Amino acid sequence: MYSIGETAKMVGLSTYTLRYYEKEKIITPHRNANGEREFDEQHIAWLRFVIRLKATQMPVAQIRVYTELFLAGEHTAPQRIELLQNHQAFIQEQLQNLTSVESELQYKIENYEKLIATSVK
């Protein structure tokens, strides 16, 4: 079992964020006899998954819905699939946008490099 501080360091989040995720019911740590939060390996794995979802700009509200569905059991698999598929479509759209912008940036960089090269001569 890990304390909130140890868990925060392990997953790269602040203790404030862990408390916030608990408040939002995204994670439910165990409590010891003193009422202190304790996290186990399953919590760590779940937090790492949540971090990856956040990195793809999934809103906390959506992560909360996914968590609720997950905790409700296997009968919610169709809803979880739909939620993940919708988010995947969002990610694919973002990737297309980023690829387009990256191409435009590359074009600008190449033009500036040519401009600089010709002005140096």
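Here are a few exercises with worked solutions on helix packing, ring pairs and one histidine in this predicted model.

**Exercise 1. Describe how helices α3 and α4 pack, and say which residues make the contact.**

Step 1: Get your bearings. Helix α3 covers residues 41-55 and helix α4 covers residues 60-72.

Step 2: Two packed helices are described by the angle between their axes and the distance between the axes.

Step 3: Read them off. The angle comes to about 140°, and the axes are 10 Å apart. As for the hand, the crossing of α3 and α4 is right-handed.

Step 4: List who touches whom. From α3 you get Trp46, Phe49, Val50, Leu53 and Lys54, while α4 brings in Val60, Ile63, Tyr66, Thr67 and Phe70.

Step 5: The contact of α3 with α4 has eight nonpolar residues, one polar and one charged.

**Exercise 2. Work out what kind of ring pair Tyr20 and Tyr21 form, and how accessible each residue is.**

Step 1: A pair of aromatic rings is described by the distance of the centres and the angle of the planes.

Step 2: There are five aromatic pairs in the count. For Tyr20 and Tyr21, the ring centres lie 6.1 Å apart and the planes meet at 45°, so this pair is tilted.

Step 3: Now the accessibility. Tyr20 has 30% relative accessibility, so call it partly exposed. Tyr21 has a relative accessible area of 6%, which is under the 20% cut-off, so Tyr21 is buried.

**Exercise 3. Is His87 buried or exposed, and what is His87 in contact with?**

Step 1: Find it first. His87 lies in helix α5, residues 77-120.

Step 2: The relative accessible area of His87 is 6%, so His87 is buried.

Step 3: Set aside the neighbours within four places in sequence. His87 is then in contact with Leu53, Thr56, Gln57, Met58 and Gln62. One of these, Leu53, also turned up in the α3 contact with α4.

Technical notes. Residues are numbered from 1 along each chain as its sequence is written. This is a predicted model: local features need pLDDT of at least 70, side-chain atom pairs count only at pLDDT 80 or more; totals for chains, interfaces and linings use all residues. Side-chain values use heavy atoms; hydrogens and water are left out. Axes are lines fitted to C-alpha atoms, for helices over the stretch in contact, and angles run from 0 to 180 degrees between N-to-C directions. Helices (H or I, at least four residues) and strands (E, at least two) are DSSP runs, numbered from the N terminus. A crossing is left-handed if the near helix is turned anticlockwise from the far one by less than a right angle, and right-handed if clockwise. Contact means heavy atoms within 4.5 Å. Ala, Val, Leu, Ile, Met, Phe, Trp, Tyr, Cys and Pro count as nonpolar, Asp, Glu, Lys and Arg as charged, and the others, Gly among them, as polar. Rings of Phe, Tyr and Trp (its six-membered ring) pair if their centres lie within 6.5 Å; planes under 30 degrees apart count as stacked, over 60 as edge-to-face and the rest as tilted. Buried means under 20% relative accessible area, exposed over 50%, partly exposed in between (1.4 Å probe, protein chains only).
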